[in-house]
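Please examine the sequence and the structure shown below. The briefing that follows is arranged by topic.

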Amino acid sequence: MDRTSHQHGTASATPRGGLSPTETTRPVQHSMRWYQSIEFKIILSVAITTMVINGFFTFLYLDVQARHLDETILKNATQLSETIKKSIQYDMIQNRKEHAWRIMQTIGEQEGIEKVRIYGSDGTILFSTTREERGTMVDKKVEACYACHAEEAPLEHLTISSRNRIFPSGKGYRILGMINPMYNDRECFSGECHAHPASQKVLGVIDITMSLAEGDAEMRSARGQIIAFNILSIVSISAIAVLALLFFVGSPVKQLVLGTTRVAQGDLAHVIPIDSDDEMGHLARSFNHMTESLQKANDEIREWIRTLEQKVEERTKELKETQFQLMHTEKLAALGKIAATVAHEINNPLTGVFTYVKLMERKIEEGKDAAPDVEKFREYLSTMSREVQRTSAIVHNLLDFTRPKELSRKTVSLNSLVDESLGIVRNKLAISDITVEKEMDPLPDIPADPSQMKQVFINLIINACEAMEGGGVLTIKSWHDRSRNTEMISFADTGPGISPEELAHVFDPFYTTKEKGTGLGLAVVYGIITRHNGTIEVKSSPGSGTEMIVSLPTD
Ligand SMILES: Nc1ncnc2c1ncn2[C@@H]1O[C@H](COP(=O)(O)OP(=O)(O)OP(=O)(O)O)[C@@H](O)[C@H]1O
Ligand SMILES: [Mg+2]
């Protein structure tokens with residue numbers, strides 16, 4: 001493990017963003033209102049279309065029929081009017097009015113003829129099938145006269161269309177009125193009997209009014225029949241559309257919906273029983289094909305998962321065995337390394353001591369009679385004592401490292417422990433010409449083992465001290481990291497710094513770049529901090545000093 005970065009992980013397990021399935025898709029609706037169904041929509045469209053088209057053509061047809069009827073009646077009326085005119089012309093020239101009046105009376109009694117009248121040029125009703133009107137003056141403002149007398153001077157020539165008028169009778173049917181002017185022909189103004197002056201153009205007007213009751217009744221009946229026929233056709237087209245839709249669309253769609261619901265519920269064996277050749281049949285077949293493929297894929301995935309699980313299980317077992325063997329080998333290797341290092345570390349000073357002991361023995365043997373060279377012996381003994389002390393330090397540190405002492409936690413102030421540690425190494429700092437700068441924030445007390453914690457701080461201060469051989473500045477800072485709820489202490493020196501390659505090993509036991517170092521200082525520090533559930537981080541690069549940052553949980 002790379003012990004150069006022991007910070008608490010900052011990556012927090014926050015839930016991943018993204019939309020849940022319900023937010024992206026509409027849930028399947030199982031019940032549907034009748035007006036939402038496709039059948040209803042199509043039937044409504046068919047009914048409306050039939051109604052509009054039928055209505056339009058019916059209107060057109062009725063209009064044409066009515067016109068045709070009116071034209072026929074008009075033609076008949078014109079013929080009748082001309083017949084009357086011709087029938088009475090001779091009698092009028094012969095001045096046989098009574099004879100002429102009788103003809104008109106007979107014609108006026110025909111069915112459908114309301115009234116026949118003749119007006120004189122001055123407006124006198126010369127003849128009318130209604131006897132009481134005879135001899136009276138006609139009102140020129142009434143409809144029959146309006147065609148000629150709308151202007152101040154009466155018109156002498158009328159078009160066929162302006163001779164007719166249709167108006168309500170007031171008895172529930174319409175009336176067709178037709179006027180036919182009698183012109184002053186040559187026979188008239190040259191007749192011997194009663195010659196009219198030649199300048200008079202119009203002698204009088206024949207006015208025939210005919211009842212349109214029969215035609216109107218016919219039209220009403222035709223209209224009623226056509227409307228009934230239309231309603232019947234809309235109802236029957238809609239009914240046929242309903243049945244066809246239910247049979248060809250409704251029922252297959254229901255089967256498809258049921259199928260998709262069953263598949264959505266996980267029933268991939270469901271088959272839609274539609275076998276028609278239309279689009280629905282194609283859809284059902286491709287749906288069945290899809291579920292079949294899904295079923296196959298599902299089976300394959302299940303098989304893969306089963307095989308995968310089996311393989312993972314086998315591999316895990318193999319890995320566990322390998323890991324166990326590796327750990328065993330690593331343990332043996334580490335033990336061997338430690339044994340070799342310890343043997344080497346201890347062997348050096350012991351060899352030195354042994355050499356001096358042999359030297360002293362030989363000196364004593366050689367100068368049995370002479371007095372021993374006390375000065376030399378003192379020098380030898382002093383060297384031997386230094387070597388023994390070094391051996392003792394190695395053994396002491398080794399014991400700290402391999403058999404960590406139990407934590408004896410007390411509520412302590414880290415700032416005070418830093419001060420106490422500085423007090424212990426005060427002399428060493430002074431001799432090494434090192435200035436200490438402190439930027440300590442007030443910290444809450446925490447539960448920690450004070451003596452072990454002091455050991456940590458002393459080791460870090462001594463390392464900084466040893467790194468700044470010709471003097472320097474040691475900056476000690478402390479602060480409370482509220483976001484992580486930890487107490488932070490940092491030791492920054494102005495020493496030569498550590499190269500990236502060395503940085504990876506500074507916490508390894510017995511890793512040292514110093515002639516007299518044991519390489520156990522930082523390994524012991526790391527052990528103590530870890531047992532306090534804290535972390536230690538090193539920030540260093542050659543030429544820019546080294547900063548050791550200890551972080552300990554507040555509680
Ligand atoms: N502040 C520092 N500046 C530069 N190098 C450092 C610093 N602290 C540690 N090191 C490097 O890390 C190595 C390991 O340090 P550690 O404290 O474990 O052992 P040591 O100091 O060499 O020996 P001991 O602690 O027994 O005296 C040191 O030899 C040194 O190379
Ligand atoms: Mg050290």
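Which residues are buried in α14? They are Leu522, Ala523, Val524, Val525, Tyr526, Gly527, Ile528 and Ile529, where buried means under 20% relative accessible area, exposed means over 50%, and partly exposed lies in between (1.4 Å probe, protein chains only). This is a predicted model, in which local features need pLDDT of at least 70, side-chain atom pairs count only at pLDDT 80 or more, and totals for chains, interfaces and linings use all residues. Residues are numbered from 1 along each chain as its sequence is written, chains are lettered from A and ligands numbered from 1 in the order in which they are written, and side-chain values use heavy atoms, with hydrogens and water left out.

**Helix α14**

- Helices (H or I, at least four residues) and strands (E, at least two) are DSSP runs, numbered from the N terminus.
- Helix α14 covers residues 521–531, and because eight of its eleven residues are buried, it is largely enclosed by the rest of the structure.
- Asn533 follows α14 and has a positive phi, near 60°.

**Ligand 1**

- Ligand 1 is surrounded by 16 residues, of which the closest are Thr512, Thr513, Lys514, Thr518 and Leu522; a residue is near a molecule or strand if one of its heavy atoms lies within 4 Å of it.
- Helix α12 (450–467) and α14 each supply at least two residues of this shell, and α12 gives the most, with three residues.
- Polar contacts are pairs of N or O atoms within 3.5 Å; within protein, one must be able to donate a hydrogen and the other to accept it, and residues adjacent in sequence count only if both atoms are side-chain atoms.
- The side chain of Asn463 has an N or O atom 2.9 Å from an oxygen atom of ligand 1.
- A nitrogen atom of ligand 1 lies 2.9 Å from a polar side-chain atom of Asp493.
- A polar backbone atom of Gly521 is 3.4 Å from an oxygen atom of ligand 1.
- On its own, ligand 1 has 590 Å² of accessible area, and the protein covers 90% of it; such areas come from the Shrake-Rupley method with a 1.4 Å probe, and for residues only the protein chains shown count as cover.

**Aromatic pairs**

- Rings of Phe, Tyr and Trp (its six-membered ring) pair if their centres lie within 6.5 Å; planes under 30 degrees apart count as stacked, over 60 as edge-to-face and the rest as tilted.
- By this rule there are seven aromatic pairs.
- Phe247 and Phe248 have ring centres 5.0 Å apart and planes at 80°, so this pair is edge-to-face.
- Phe247 is exposed, at 61% relative accessible area, whereas Phe248 is partly exposed, at 47%.
- Phe377 and Tyr380 form a tilted pair, with 6.3 Å from centre to centre and 35° between the planes.
- These two residues are three apart in helix α9 (residues 374–402), so about one helical turn separates Phe377 from Tyr380.
- Phe377 is buried at 13%, and Tyr380 is buried at 9%.

**Positive phi in two loops**

- Asp433 is not a glycine, yet its phi is positive, about 60°.
- Asp433 is in the loop between α11 (426–431) and β7 (434–440), and is exposed at 55% relative accessibility.
- Phe510, also not a glycine, has a positive phi of about 70°.
- Phe510 is in the loop between α13 (500–503) and α14, and is buried at 14%.
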